[in-house]
Amino acid sequence: MPTSRIQHVLPGPSRIRLALAFVMLLAGAVHGLAGQQTMVIGYLGEQRKPPPPLGPLDEVVIDDGLQGARLGIADDDTTGRFLGQNFRLQQVILAPGETPAEAVRQFATAGISFVVADLDAAQLLQASAAPGAERMTLFNSRDPDDSLRQEGCRRNVLHTIPSRAMLADALAQYLVWKGWQHWFLLTGPHPGDQAMASAFRRAATRFGARITVDKPWTFRPANGRADTGHVTLQTEIPAATQVGDYDVLVVADEVDEFGAYLSGRTALPRTVAGTQGLVATGWSAVDEEWGATQLQDRFRKQAGRWMLPSDYAAWLAVKSVGEAATRLHSLDPAAIAKYLRSDDFLLAGFKGQGLSFRPWDGQMRQPILIAGPRLLVSSSPQPGFLHQRTPLDTLGIDLEESTCKL
Amino acid sequence: MQTLIALVLVLILVPPAVAETIYVSNEQDNTVAVVDRATMTLQSAIEVGRRPRGMALSVDKKTLFVAEGDDNRIDVVDLAKRQVVGQLPSGADPEFFVVHPDGKLIFVANENDNLVSVVDIAGAKIIGTVDVGVEPEGMAVSADGRTVACTSETTSMVHLIDAGTLELIDNLLVDTRPRAAAFSVDGKQLWVSSEIRGTVTVFDTATRAQTGKIDFEVPGIRREGVQAVGIEMSRDGATAYVALGPANRIAEIDTKTFTVRRLYLVGQRPWHVALSDDQKQLISANGNSGDISFIDLENQEVVKSLPVGRGPWGVVIGP
């Protein structure tokens, strides 16, 4: 140690403000000063090696998640301005191989009670079990692993990133609504791909689709951007997709290794959906409905790039704390933690309806976008998929099937 | 022949004094639909800028102002010519605005910049701005012209602005994602609708205390499907009408008791509503079904829906 980088992100360049914020930080994360109170929210991320861009238009992003949290702070702080509430972000980025316990300790020392945990599943579980974390709420803004909502659920963890089950259910509803019930499932070699494929299989069973072909992708990862790269792909993809008839090719390729090569190259002329093509996602740059234009514009102005699903999930986390503080007129961490989990909590997340946390596993219920490469295609739940509580609970693991014990 | 008889009947039955025209902004068509109220027919569509939403008449009712969200301007429509004859600056991304009772100024919400801009109509320039919360949207002005109200969607507040000094008087917390604001006819109350929470909050304008909260129960529709959007007040002050968005209903509210008298089933996703001059008819602009609904308030029934274009949003009734 300490390889961690700690920064205080402030919404203005003023040195006086910086000094003031620092004095306030020394005294803990919630302070009263001339009617002003400050809430410091933690951000715990990991240094990640971005995957090589598959196409020339792909942006290489190294700060996804963090930028969403920063925008959330800016939004909370603008609202807080009228209520005497200030919001700040304290960020720690873990180096490769570094465990999160020390960062959690630092947050605890600083009196931080809410942390955007932009971590993979194993790190998230370690962070949630670290000393000091028992008094915090960690927001999982990164990992879609269903086991984190099932047997791996934790009392001090809420999830703002949709689970794989939610994504698969959302896509399945759309495909079934379209009448594309026969699927060719093509699955990549990585554990995430396998987990996503399992979610697609579960969704097919739930919503009455049939997986007529279920195949692994066995070709080596290629570099389609080499000169004449398309020639190789033009031979390989038809061979790999030479199967019996189906309505839609559902691809599970979370790392974006081959899925994008499929569209326009399959043996049969069929739509590609799943992790590429027609994608189910918590957020997409193509969305401008339900007021999303404003969020997209604010984000682009701040970050200089499109808002990604992990940015949106981090934004949701920070905005949830702000919304609770606004409604309660208070920065009391215990009251906010309780309110977040209550029936009354409802967050406006630019998806056309209020978002809330499921009491049985801490997952934020939310509409899932069905996005094409350039335009929004749809949003699930689809009309006609009914539920006794809310149609949003047709997506993901429902109360009755939950194995989470909080 | 039948048409001719109908036409003659219409001419006899409808005196020219009540001839009214309904203007509907179609946000996905970039047009303003022109509808004759008496015959309930679509007359024409005025080509305007991109993504027209908020609209308002000039004080002399000869001009219609239309906010063009994607063109960052307000189009000036000459109602006699039925065409755009000029433009006003609006600041970025105008959605909703109000014309000040003095007829000289427009107060416009700049959704992307967290600002309210004040536009001098004659000089066609912005003469002031006011910092408000995130994503300002709904705008209202009191009848005496002293106070302008602006809602901010992501901050969940209504901001009260002194129209003279352009200072913020107060910032009142309301339910999540407020959309429209409206002063009561006597100016003693301010009503604010909340889209996500599906409520209307009522404030006393003198004390600025919350004096009422209206919830909407729509049979067969869940909480998240009931979203309060546009508000229209009757001239006698006794009734308010609130569009309930995805619940496809317009609520009629008793302003004394804050109780919902009845719900009118209209087209899909009504955004805004407007009352005819004689107060006998209410028109709703229905965003998802691409039509407007005519509600006969005397007989309490929806009498017609008329396709007007794609994405009807704002509705204004003029001469």
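Which residue of S17(A) stands opposite Leu369(A)? I looked at the pairing and found Ser379(A) there. Before going further I noted that this is a predicted model, for which the predictor gives an ipTM of 0.80 and a pTM of 0.87.

**Entry on S16(A) and its partners.** I then followed the two strands as a unit: S16(A) and strand S17, residues 376-380 of chain A, run antiparallel and are joined by four bridges, and they form a hairpin with four residues between them.

**Entry on chain A as a whole.** I counted 10 helices and 17 strands in the secondary structure of chain A, and I noted that 50% of its 406 residues count as buried. For the contacts in chain A between residues at least 6 apart in sequence, I found that 67% join residues at least 24 apart. The domain assignment gives domain 1 as 5-162 + 285-366 and domain 2 as 165-281. Looking at where these two meet, I found eight residues of domain 1 of chain A in contact with nine residues of domain 2 of chain A, and on the domain 1 side the touching residues divide into five nonpolar, one polar and two charged.

**Entry on the contact between the chains.**

**Entry on chain B, confidence and sheet.** Chain B averages a pLDDT of 93, and 94% of its residues score at least 70. I traced an open sheet of four strands in chain B, with the order S3-S2-S1-S28 and antiparallel pairing. Strand S3 (41-47) and strand S28 (312-318) of chain B each have a single partner strand and stand at the edges, so one side of each is left without a neighbour in the sheet. From one strand to the next the twist averages 25°. Within this sheet I looked at the pairing of strand S2, residues 31-36 of chain B, with S3(B), which is antiparallel over six bridges, and I noted that the bridge partner of Val34(B) in S3(B) is Ser44(B).

**Entry on a hairpin of chain B.** Last, I turned to strand S10, residues 115-120, and strand S11, residues 125-131, of chain B, which run antiparallel and are joined by six bridges. Ser117(B) stands opposite Thr129(B) of S11(B). Which residue of the hairpin of S10(B) and S11(B) takes a positive phi? I found Ala124(B), with a phi near 50°, in a hairpin that has four residues between the strands.

Technical notes
Residues numbered from 1 in each chain as written. Chains lettered and ligands numbered in written order. Predicted model: local features only at pLDDT ≥ 70, side-chain atom pairs only at ≥ 80, totals over all residues. pLDDT = per-residue confidence, 0-100. Domains from an automatic or database assignment. Contact = placed C-beta atoms within 7 Å. Nonpolar A, V, L, I, M, F, W, Y, C, P; charged D, E, K, R; others polar. Pairing = 2+ DSSP bridges. Axes fitted to C-alpha atoms, helices over the stretch in contact; angles between N-to-C directions. Buried ≥ 20, exposed ≤ 12 C-beta atoms within 10 Å, placed from the backbone.
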